[in-house]
Structures are given as structure tokens and as C-alpha cells.
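My entries follow in the order in which I made them.

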Amino acid sequence: MKVAILGAAHPHVDYALAEVAQRDELELVAASEPDPQLREKFLSGVSAPLYDTPQQLLEAHDVDVALIAGIYSHRAEATVAALRAGAHVLADKPLCTSLEQLEAIREAASKTGRHVSIVFEKRFYPATLALRRLIADGVLGPIAMVASTGPHKLNQPTRPAWFLDPATYGGIAGDLPIHDIDLVLDLAGEQQGARPTGTVSAHVGNARAEDHPGFDDHVALLMRAGQVPATIEANWLGPEAADVHGHYRMRVTGSLGTAEVDWAYHRLTVTTHSRETWDEPLEGAQRPAQYFFDAVLAGQEPVITTSASLLATEVALKAQRSAEAGGALQQF
């Protein structure tokens with residue numbers, strides 16, 4: 001199976017490189033990235049041919065799987081090109097930066113029948129897997145509500161100019177909350193046995209405007225997925241002196257108990273009406289893109305499906321649109 005990297009603006013290019021290194025069935029045939037500094041930073045160890053654009057690469061090589069990890073506003077074009085060339089798409093988040101781009105991707109995926117899967121790696125963290133096990137076993141009862149928080153260190157001196165520019169970054173609501181949006185949608189969908197519909201609204205702000213004018217650094221959103229309401233907040237205000245990049249947490253409240261997921265410190269703390277607080281045992285971690293290649297090599301659809309990837313992206317982008325409209329409610 002031939003793998004290519006289309007865009008390399010983030011360390012998550014390692015999603016593909018790690019799988020190629022682990023699997024004899026995979027071959028990295030080429031990579032593309034127009035920016036010389038990004039190419040040097042993220043592709044310097046790649047021995048495969050390098051190209052300036054995805055189009056040049058796809059004209060020169062047959063590709064089965066394309067990893068999309070370029071500058072955010074460039075990802076939609078690379079995704080559509082890969083799909084039209086017959087490749088499945090494995091994407092770093094965010095998949096794109098506008099609803100118009102999303103519709104182009106949706107159309108291309110529908111016409112070609114190729115998979116589009118965003119690497120929502122939080123799904124496969126040990127604490128998340130343990131949470132799913134508890135929910136499936138009925139320990140928490142039906143989910144009543146979810147609350148999550150996602151502080152991130154900005155580390156602004158190391159951020160490239162494109163990252164702080166809304167024209168190329170998009171918006172914070174379309175970026176940081178999407179992992180938790182996906183989890184809420186997935187858990188709610190499992191509970192009701194169908195793709196959830198609902199609403200979302202959001203507010204953003206820039207608490208450190210003197211450092212990055214025009215770049216919103218925090219977001220708070222309220223969504224309802226089916227019958228499950230969720231509050232999700234995320235920011236680029238994570239304390240620089242913290243011992244973790246971000247203290248990511250989620251609280252899932254059910255009718256019978258509550259589970260606190262602490263991804264940063266690898267804990268799942270549970271309390272129910274009949275049992276005092278305990279730490280749930282966790283199993284080992286998976287590689288972030290392992291799920292994807294396990295599936296496509298077996299001729300199956302990845303568990304993070306095209307539908308799930310596009311829905312989470314839609315909700316995140318509608319949250320961004322809500323924020324730009326003063327918090328106006330958006331339906332999905």
C-alpha cells in the first residue's frame with residue numbers, strides 16, 4: 001500500500017511515518033510541502049521524493065493513502081485532490097477551515113467512495129477506552145451531560161506566522177474543541193443508536209491581544225448532540241510553566257455515576273451512587289493512526305468513519321460561525 005504525505009506543517013506527519021516504520025505492507029512513496037522551512041523541519045528525515053504541491057506529487061505517483069498535515073487553509077485542496085486521485089485520506093485536524101471547503105470534500109468523498117478519516121487520537125487513549133467500557137457495562141447509566149476543558153500552551157515564539165493568521169489558521173472554534181466534539185457526538189450516537197443531530201453555539205475572545213492581535217486565544221461552546229448537552233472550552237492560554245502541554249479533562253455525568261477523564265495524567269476517576277471513588281485500571285496505548293491502517297489493510301472502513309469525520313468538522317466550523325455571529329445558535 002502506497003502512502004504519501006500531502007503537506008507538512010505539523011509534527012503529526014509522524015502519524016504516517018510511524019505506521020510505515022511498523023508495517024511491511026506500507027511504503028512511503030513521496031511527500032509534498034512548498035515551504036522550505038516546513039519541509040526542513042518535518043520532512044528532513046524522509047528519503048522519498050519531495051514535491052512542492054500535492055498536484056505534482058499525485059501526477060507522478062499512484063497513491064493509496066494520503067496523509068494531510070499542511071497549513072490548515074491548504075488542507076481542503078489537498079484532500080480533494082487526493083480523493084479525486086483515488087486515495088483514501090488520513091487527516092490531521094482540522095480537516096479544513098470553512099464550511100465551503102467542507103462541502104467540496106464531502107462531494108469528492110461521495111463521488112469517489114474513498115475514506116476520509118481524521119485522527120481523533122483521544123478516542124484511543126487508555127482513559128477513553130476505559131470510559132467506553134464503563135459506559136457499555138452500564139456503570140454510569142445513560143449519559144446525562146458532558147463537560148470538557150482543553151487548555152493548550154501557545155509557545156508563541158516557536159509558532160510560525162501562518163499559525164497566528166486567521167486567513168491560514170481559520171479560527172480557534174474550528175480547531176481546538178474538535179476532539180471533544182467528536183467524542184460527544186460518538187458517545188451520544190452510541191447511546192441513541194443513530195447519528196445525532198443538534199445545535200451548537202460559541203463565544204471566542206483574545207485575552208492576550210497585545211501579544212497576538214487578531215488571533216482569538218479562547219473559546220467556550222455549548223452543544224446538544226441528540227439528548228446530551230455538552231459544554232466544551234479550549235484555549236491557547238495554558239500556563240507556559242506547566243509540566244504538561246495541556247491539562248485536558250472531561251467529566252461524563254450519568255444517571256448512576258460520574259467519570260472524570262484526565263488525559264494529561266492518564267487517570268479515569270469514577271464515583272457512583274453505590275460505590276465510593278476509585279481509579280479505573282487502564283490498558284496500554286495505541287499508536288494514533290493504528291486504527292486507520294488496521295482497517296484499510298483489511299479492506300474495511302476505519303472506525304473513525306468519513307461520516308463521523310465530516311460531522312465533527314461541520315459542528316466545529318458551525319461553532320466558529322456562531323462565534324463570528326455573536327453566539328447565534330447553529331443547527332447540525
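**Pocket**

I looked up the largest pocket and found 33 lining residues, with His 10, His 12, Arg 159, Trp 236 and His 245 nearest its centre. This is a predicted model, in which local features need pLDDT of at least 70 and side-chain atom pairs pLDDT 80 or more, while totals for chains, interfaces and linings use all residues. Residues are numbered from 1 along each chain as its sequence is written, and side-chain values use heavy atoms, without hydrogens and water. I noted that a pocket is an open set of points on a 1 Å grid over the protein atoms alone, where a 1.4 Å probe fits, with protein on both sides within 12 Å along at least five of seven lines, and that lining residues have an atom within 4 Å of a point.

I read the lining as 14 nonpolar, nine polar and 10 charged residues. Helix 2 gives the most to this lining, with four residues (helices are DSSP runs of H or I, at least four residues, and strands are runs of E, at least two, numbered from the N terminus).

I then traced an open sheet of six strands in the order 3-2-1-4-5-6, with parallel pairing (two strands pair if DSSP finds at least two bridges between them). Strand 3 (50–51) and strand 6 (116–118) each have a single partner strand and stand at the edges, so one side of each lacks a neighbour in the sheet. Two bridges join strand 2 (residues 27–32) to strand 3, and Ala 31 stands opposite Leu 50 in strand 3.

Terms used:
Ala, Val, Leu, Ile, Met, Phe, Trp, Tyr, Cys and Pro count as nonpolar, Asp, Glu, Lys and Arg as charged, and the others, Gly among them, as polar.
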